[in-house]
Amino acid sequence: MELGKLRINQLSDDGWAWYQRYLTALDAYDLDGYAGFLADDVSIRFNNDEPLTGLAAARDGLGRFWGSVTGMGFALVHEPLNIYGDDRHLVLEALNHYDRSGSPRVTVRATAWTDRGDAGTVTAVRLYQDLSPLYAGG
């Protein structure tokens, strides 16, 4: 993670530590590790697509998406710019860098809205990013 430009708003130290672990699992494409952050009834929506509802659907959809990205040889590095909200309701503005050996870095702007339930697991994620530059070079 690149943290040089990050500004944090209303997160506790524990909330920020949790979010860093969450993003680290994403950067590593660690499906099992990431799934450990999710509630059984999680809803994950990418842009205007239908949401992936439930843990099994989320794992399957994320596995297919991450497989397509890694299949093109890309590794993901989040560069958080702003995090707003609190420990239960977070909004992240980030630069998502997709690195591939021998190719220029592809960077897309992204915003993710994340909600956590009473158990501390993620109940909903709404992610907005335009990946067309990633697939245009793939």
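How many helices and strands does the protein have? And which residues line the largest pocket?

Mentor: The protein has four helices and seven strands. Along the sequence they follow the pattern β-α-α-β-β-α-β-β-β-β-α. The radius of gyration is 14 Å, close to the 14 Å that the globule rule gives for 138 residues, so the protein is as compact as a globular protein of that length. Its C-alpha trace spans about 45 × 35 × 25 Å along the principal axes. Of the 138 residues, 46% count as buried. Contacts also reach along the chain. Take those between residues at least 6 apart in sequence: 52% of them join residues at least 24 apart.

Next, confidence. The average pLDDT of the protein is 91, and 95% of the residues score at least 70. The lowest confidence is in strand β1, residues 7-8, with a mean of 62. The highest is in strand β3, residues 52-53, at 98. Where pLDDT is low, the predicted coordinates should not be read in detail. Keep that in mind when you look at strand β1, where the mean is 62.

Now the pocket. The largest one has a volume of about 230 Å³. Its lining consists of Phe46, Asn47, Asp49, Glu50, Leu52, Gly61, Arg64, Phe65, Gln129 and Leu131. Helix α3, residues 55-71, gives the largest share of that lining, with three residues. Sorted by class, the lining has four nonpolar, three polar and three charged residues. Leu52, one of the lining residues, brings us back to strand β3, which covers residues 52-53 and has the highest confidence. Gln129 is another lining residue, and strand β7 covers residues 122-129.

Stay on strand β7 for one more residue. Arg126 lies in this strand. Leave out residues up to four places away in sequence, and Arg126 touches Arg45, Thr111, Ala112, Trp113 and Asp115.

Note on methods. Residues numbered from 1 in each chain as written. Predicted model: local features only at pLDDT ≥ 70, side-chain atom pairs only at ≥ 80, totals over all residues. Heavy atoms only, no water. pLDDT = per-residue confidence, 0-100. Helix = DSSP H or I, 4+ residues; strand = E, 2+ residues; numbered from the N terminus. 1 Å grid on protein atoms, 1.4 Å probe; cavity = no way out; pocket = protein on both sides within 12 Å on 5 of 7 lines; lining within 4 Å. Points joined across faces, edges and corners; volume = space filled by probe spheres on them. Nonpolar A, V, L, I, M, F, W, Y, C, P; charged D, E, K, R; others polar. Rg over C-alpha atoms; globule rule 2.2 N^0.38 Å. Buried < 20%, exposed > 50% of the residue type's maximum accessible area, 1.4 Å probe, protein only. Contact = heavy atoms within 4.5 Å.
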